[in-house]
Amino acid sequence: MSKDFYDVIIIGSGAAGAAAAWNLSNKGLKIICLEQGSYTNPDFYPKNKSDISDIHDYNYLPKYRNLISDYPINDKNSPISISNYNAVGGSTILYSGHFPRFHPSDFKTKTIDGVGEDWPLDYEDLEPFYNLNDKIMGISGLEGDPAYPPIKNLLPPIPLGNSGELIANAYEKLGWHWWPSYSAILTNTYEGRRACVNEGVCNSGCPHGSKSSVDVTYWPKAKSNGVRLQPNSRVISLELDNSENVKNVIYQNEKNEFVSITGSIFVLACSGLGTPRLLLNSKSKSFSNGLANRSGLVGKNLMLHPLGYAEGLFENLSESYFGPQGCCILSQEFYKTNNNQNFKRGYTMQVLRGSGPLETALAMKKFKKLKFGNNFHSNFNERYGRNIPISVICEDLPEETNNIELDSNNLDSSGMPGVTINYKLSENTKKMMSHGITKAKTVLKEAGAKSVIAFGPVKNTGWHIMGTTKMGKDKNNSVVNEFGQTHDIKNLVIVDSSVFTTSAGVNPVSTIQALSLKISSDIINNPNKFSPQF
């Protein structure tokens, strides 16, 4: 094994790792980021919605993708299949770009509603970092949303299109909140990147760089500051010194060599799945159940944002698929606890674009609506371009029984255990989802849908993986403190969504990055707190 020394070693190059790398690199620190996946090539992303018949490498489900950078995920004990992506840029390569923030109330669910737990920080603590992140990523939206404190300096919102305007009018008639989506998708040229051309293939990688994935936003800046970004480097374990600080990481490089590098501060940004997996695999004499796990909570309190779904079919609507897939309208009419409802907390209704030709055909086949033969095209055109979907993003409350465990019976290409998912929907979530699906159907019918299909939870939607190394003040009831620093190990810091105390009812990426910027700023402002070597 060879050895090298860095001020900061970051593991994971996705939303959180990229933000931390850039922020820390502004202080001239010697930094390396180890990423188990490869660089992606935008030339191979689908160019339009008719070009998605062969997207094996960009399928968001690792069990279908099965790349060398993936690892086994057994989610048979879960109604929701896990989705993640290992590459430079992480899951932002494939995310939709829907980019809302948490609300102030999301950080105080115990105080306000008597459920979940309060975070050890507030919206106000993150607000300057939300603003900074918006500037670096390039966020489109509309100012003045009554659901939020003021959010300014946005690019113009994504055009609603015919389908969006139809649904917006329905919300208006019902008197319910709606707002153009906050979107990590450019509507104007921004920092050398072109505006979105509405080809709608966001979820299989943007070929034009119009979607703000971190490989085109944070990483060019971080690398120009001297950060060494090393792909195809799977970290196997972290090793401790005699003072119970991390002294080095062991990783396997692209030549299948095992390499050791040492550092002062170690930052985990491997996602809500990868981070607990690495900690659980990094056992030692003093941490026989995994590193930083004296609380016994590493891997527990898994939250996944169960998704409900409703889709309306319209008579005359055309080209509903035009525009970014996941960015049209959001409604937070039912976001907060209402005593007239039989559940606590709430959800976001996210209005999506219609599906492309292949997705339309597959959905019609699934629901036995596709008829082959002489009338195939007329049958297909009855639905293509005429559907409007609404997803219901349910807040998922933390429960220790929802967790991940190492799966030593299924190993990755490096011989490291995969993971098993143990997850069930709570009664609160089931009631919330039922309410949300009913309300989504109401909107679609108000908009004039001639028929509506609805169901939930949607199986292949485990994109938002949160809570598995929870943040809190009490070391007996949390894994990290308000600075992302593990209670048990001084120089080990976690910046990804695994530290979320609660999940809120919105997509998490904006909050992941704001939190990573805050934690990395805490390291910059007080490095001795995190490592005696500074």
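Start by selecting asparagine 256, which sits in the loop between strand S7 (246–252) and strand S8 (258–268); helices (H or I, at least four residues) and strands (E, at least two) are DSSP runs, numbered from the N terminus. You are looking at a predicted model, in which local features need pLDDT of at least 70, side-chain atom pairs count only at pLDDT 80 or more, and totals for chains, interfaces and linings use all residues. Residues are numbered from 1 along each chain as its sequence is written, and side-chain values use heavy atoms, with hydrogens and water left out.

**Stop 1: two residues with positive phi**

Stay on asparagine 256 and look at its backbone: phi is near 65°, a positive value in a residue other than glycine. Asparagine 256 counts as exposed because its relative accessibility is 53%; here buried means under 20% relative accessible area, exposed over 50%, and partly exposed in between (1.4 Å probe, protein chains only).

Now select glutamate 191, in the loop between strand S4 (179–180) and helix H6 (218–224). Glutamate 191 has a phi near 50°, again positive in a residue other than glycine.

**Stop 2: helix H5**

Next, select residues 161–174, which form helix H5. H5 has 14 residues and reaches 20 Å from its first C-alpha to its last, close to the 20 Å expected at 1.5 Å a residue. That expected span is 1.5 Å times one less than the number of residues in the helix.

Color Ser163, Gly164, Ile167, Ala168, Ala170 and Tyr171, the buried residues in H5. They cover an arc of only 160° around the axis, which puts them on the same side of H5; the arc is that of the directions from the helix axis to the C-beta atoms. Turn to the face away from that buried side and you will find the exposed residues Asn162, Glu172 and Lys173.

What covers the buried residues? Show strand S10 (329–331), strand S11 (347–351), strand S12 (387–394) and H10, which are among the elements covering them.

**Stop 3**

Two packed helices are described by the angle between their axes and the distance between the axes. Axes are lines fitted to C-alpha atoms, for helices over the stretch in contact, and angles run from 0 to 180 degrees between N-to-C directions. H5 and H10 are therefore roughly perpendicular to each other, a label used for angles of 65 to 115 degrees, while those under 35 count as roughly parallel, over 145 as roughly antiparallel and the rest as oblique.

Which residues of H5 and H10 make the contact? On H5, show Ile167, Ala170, Tyr171, Lys173 and Leu174; on H10, show Thr442, Val443, Leu444 and Glu446. Contact means heavy atoms within 4.5 Å. The residues of this contact divide into 6 nonpolar, 1 polar and 2 charged. In that grouping, Ala, Val, Leu, Ile, Met, Phe, Trp, Tyr, Cys and Pro count as nonpolar, Asp, Glu, Lys and Arg as charged, and the others, Gly among them, as polar.

While you are in H10, select lysine 441. Lysine 441 counts as partly exposed, at 29% relative accessibility. Leaving out residues up to four places away in sequence, lysine 441 touches Ala310, Val452 and Ala454. Draw a C-alpha to C-alpha distance from lysine 441 to alanine 454: they are 7.5 Å apart in space and 13 residues apart in sequence.

**Stop 4: just past the end of H5**

Return to H5 and step to glycine 175, just after the helix, where phi is positive at about 75°. Then select histidine 177, in the loop between H5 and S4. Histidine 177 is buried, with a relative accessible area of 14%. Beyond its neighbours within four places in sequence, histidine 177 is in contact with Asp145, Pro146, Ala147, Tyr171, Leu330, Ser331, Gln332 and Glu333.

**Stop 5: a cis proline**

Select proline 457, in the loop between strand S15 (451–455) and strand S16 (492–494). The peptide bond leading from glycine 456 to proline 457 is cis, with omega near 0°.

**Stop 6: helix H11**

Finish with helix H11, residues 509–525, and pick out lysine 518 within it. Of the 17 residues of H11, 15 are buried, so the helix is largely enclosed by the rest of the structure. Lysine 518 counts as buried too, at 10% relative accessibility. Setting aside residues up to four places away in sequence, lysine 518 touches Leu121, Asp125, Leu126, Phe129 and Glu482.
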